[in-house]
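Here are my notes on the model you sent over.

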Amino acid sequence: TQDNIEAQVPEHERPKVTYVVGSHENLIEHVGSNVAKLVCFNLGYLPGGDKSIVTQVDSTLAAIE
């Protein structure tokens, strides 16, 4: 994800990008009262990771709301 974003986002905009490794259900802890213009979730399982650990519908919906 980081490589893809860095390939597409102009260099002067990159300081505005924050990468968070963690559950999307904790999104509000990272964003707080700030306005996020873009949020990207890696839904499913982490590529190359443990395929028994997958995204859950309830936590995804909570993060979106």
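1. I64 counts as exposed because its relative accessibility is 58%; the cut-offs here are under 20% relative accessible area for buried, over 50% for exposed and in between for partly exposed, with a 1.4 Å probe and protein chains only. This residue sits in helix α3, residues 57-64. Helices are DSSP runs of H or I with at least four residues, strands are E runs of at least two, and both are numbered from the N terminus.

2. Before going on, a word on what you're looking at. This is a predicted model, where local features need pLDDT of at least 70 and side-chain atom pairs count only at pLDDT 80 or more, while totals for chains, interfaces and linings use all residues. Residues are numbered from 1 along each chain as its sequence is written, and side-chain values use heavy atoms, leaving out hydrogens and water.

3. Back to helix α3, which also holds S59 and A63. S59 is buried because its relative accessible area is 14%, and A63 counts as buried because its relative accessibility is 14%. What lies across from them? A63 and E25 are 38 residues apart in sequence, yet 5.0 Å apart in space, C-alpha to C-alpha. For S59 and S23, 36 residues apart along the chain, the C-alpha separation is 8.5 Å.

4. Now the overall build. Of the 65 residues, 6% count as buried. The chain exposes about 5,800 Å², and carbon and sulfur atoms supply 53% of that; areas come from the Shrake-Rupley method with a 1.4 Å probe, and for residues only the protein chains shown count as cover.

5. How many salt bridges does the structure hold? The structure holds one, using the rule of a Lys or Arg side-chain nitrogen within 4 Å of an Asp or Glu carboxyl oxygen. The partners are E13 and K16, with the closest N and O atoms 3.0 Å apart. E13 is partly exposed because its relative accessibility is 27%, whereas K16 is exposed, with a relative accessible area of 64%.

6. P15 is in the loop between α1 and α2. It counts as exposed because its relative accessibility is 69%. The C-alpha atoms of P15 and Q2, 13 residues apart along the chain, are separated by 13 Å.

7. Last, the largest pocket, at about 1,400 Å³. A pocket is an open set of points on a 1 Å grid over the protein atoms alone, where a 1.4 Å probe fits, with protein on both sides within 12 Å along at least five of seven lines; lining residues have an atom within 4 Å of a point. Of its 36 lining residues, T18, Y19, V20, C40 and F41 lie nearest the centre. Elements giving two or more residues to the lining are α1 (2-8) and α2 (27-31), and α2 gives the most, with three.

Definitions and conventions
Grid points are joined across faces, edges and corners, and a volume is the space filled by probe spheres set on the points.
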